[in-house]
Every structure is written in structure tokens, then in C-alpha cells.
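This briefing covers the fold, the strand pairing and the ligand surroundings of one protein. Please look over the sequence and structure below before reading on.

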Amino acid sequence: MSTTIREIRPEDYDAINAFWRNIEGVEIDDSENKQGFDFFLGRNKGMSFLALDHDKIIGTCLASHNGRCGFLNHLAVAQNHRRQGTGKMLVQKCSEILRTEGIKKIYIFLSKENIEAEAFWEHIGWFQYDKYFVMIKEVDINL
Ligand SMILES: CC(C)(COP(=O)(O)OP(=O)(O)OC[C@H]1O[C@@H](n2cnc3c(N)ncnc32)[C@H](O)[C@@H]1OP(=O)(O)O)[C@@H](O)C(=O)NCCC(=O)NCCS
């Protein structure tokens with residue numbers, strides 16, 4: 001097996017979308033259409049990566065920042081390629097890029113039910129930040 005890592009490009013959308021739909025633990029909402037994907041990559045150029053086994057996508061990690069802190073989304077590795085260092089490699093690659101952008105703190109949002117992924121993040125040195133909890137509001141015309 002030969003795993004390579006490269007930047008995610010807009011034209012990867014169809015293949016990545018199909019890949020995500022097969023991964024339990026990756027939550028895709030309605031905003032994640034082609035337009036949303038291009039918008040995200042355009043605002044966060046060169047920060048998101050995929051892993052390939054030859055030409056086949058076996059992993060992804062999206063990274064972004066707002067000038068103050070960074071975020072990782074949609075870290076996923078194909079079931080039959082897990083436990084071979086790919087997830088960690090993608091997290092390291094994205095973290096490295098964020099660091100070169102001057103970002104010192106990175107957040108992830110993880111479902112409370114995703115015990116497996118929680119164990120992975122803890123194993124690679126991340127920790128739960130119980131000082132805050134997440135609040136959310138849909139921004140519509142009734143601000
Ligand atoms: C979480 C996920 C990305 C991990 O990918 P992976 O390629 O299997 O992880 P790696 O092989 O890079 O693991 C890195 C280290 O974490 C350990 N690890 C991986 N999964 C683990 C788990 N479930 N529990 C404990 N340790 C784990 C590995 O053994 C390895 O340890 P080492 O560095 O001491 O050898 C993968 O399980 C996945 O795609 N899960 C489904 C999608 C998901 O839930 N994503 C998270 C969204 S936030």
C-alpha cells in the first residue's frame with residue numbers, strides 16, 4: 001500500500017462527497033453542496049488535505065481559521081485503512097498549515113456519541129475543553 005497526501009481541490013467534490021457518505025461519524029448537512037464546498041476551499045486555500053491509496057480516496061481532513069483560532073472538520077479514514085497512521089498524518093498536515101498561518105489553537109466538534117473518535121483524539125494528544133459548551137443559532141432575516 002502506498003499512501004500519498006495532497007491538497008483538496010474543487011474538482012474533488014464528487015469523489016469526496018461519495019467517500020464521506022460511506023463513513024459513519026461524518027455528518028453532512030444541506031450546506032455541503034458543491035457551492036458550499038467551493039466557498040469553503042476558496043476562503044481557506046491550501047489548508048485541507050486528502051489521502052490517496054493510488055488513485056482512491058482513503059482519507060480527508062478539512063482545515064480553516066478565522067484569524068484567531070483554527071478548526072478541523074470531516075476527518076475521516078476508510079474503514080479498511082484505519083490504524084495505519086493516516087488519520088494522524090492528516091491531522092498533523094492540517095495543524096502544520098494552520099500553525100504556519102499563525103494559528104495557535106485548533107478546535108474540533110465531536111459528537112458525544114462518537115466514542116471511537118474521542119479515543120483517537122485523546123490518543124494523539126487532544127483534550128476535552130469543558131470550560132465552554134457550544135451554542136448555535138441559524139442566522140436568518142429575524143436576527
Ligand atoms: C478517527 C479516525 C479518523 C482515525 O483514523 P486512523 O487512520 O485509524 O488513525 P491513525 O491510524 O492515524 O491513529 C493514530 C493513533 O491513534 C490510535 N487510534 C486510532 N483509532 C483509535 C481508537 N478508536 N481508539 C484508540 N486509539 C486509536 C492509533 O492506534 C494510533 O496510535 P499510535 O500513534 O500510538 O500508533 C477514523 O477512525 C475514522 O475515520 N473514524 C470515522 C470518522 C470519524 O468519526 N471522524 C471523526 C470526526 S471528528
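The points below go from the overall fold to the strands and then to the ligand shell.

The model is predicted: local features need pLDDT of at least 70, side-chain atom pairs count only at pLDDT 80 or more, and totals for chains, interfaces and linings use all residues. Residue numbers start from 1 along each chain as its sequence is written. The protein contains 4 helices and 5 strands, where helices (H or I, at least four residues) and strands (E, at least two) are DSSP runs numbered from the N terminus.

**Overall fold**

- Read from the N terminus, the order of elements is β-α-α-β-β-β-α-β-α.
- The radius of gyration of the protein is 15 Å, which agrees with the value near 15 Å for a compact globule of 143 residues; this radius is taken over C-alpha atoms, and the globule rule is 2.2 Å times the number of residues to the power 0.38.
- The C-alpha trace spans about 50 × 35 × 30 Å along its principal axes.
- Of the 143 residues, 20% are buried (20 or more other C-beta atoms within 10 Å of the residue's own, with C-beta atoms placed from the backbone).
- Residues at least 24 apart account for 60% of the contacts between residues at least 6 apart in sequence; a contact requires C-beta atoms, placed from the backbone, within 7 Å.

**Strand pairing**

- Strands pair if DSSP finds at least two bridges between them.
- Strand E2 (residues 49–53) pairs with strand E3 (residues 56–65) in the antiparallel sense over 5 bridges, and Leu 52 has Ile 57 in E3 as its bridge partner.
- The hairpin of E2 and E3 has 2 residues between the strands, and His 54 in the turn has a positive phi of about 55 degrees.
- E3 and E4 run antiparallel and are joined by 6 bridges; Ser 64 has Phe 71 in E4 as its bridge partner.
- The hairpin of E3 and E4 has 4 residues between the strands, with Gly 67 at a positive phi near 95 degrees.

**Ligand shell**

- The ligand is surrounded by 22 residues, the closest being Gly 25, Arg 82, Gly 87, Lys 88 and Ala 119 (C-beta atom, placed from the backbone, within 6 Å of the ligand).
- Strand E4 (70–77), helix H3 (86–100) and helix H4 (115–123) each give two or more residues to this shell.
- H4 gives the most, with 5 residues.
- Of the 9 residues in H4, the count of buried ones is 0.
- Just after H4, Gly 125 has a positive phi of about 100 degrees.

Terms used
Buried ≥ 20, exposed ≤ 12 C-beta atoms within 10 Å, placed from the backbone. Contact = placed C-beta atoms within 7 Å.
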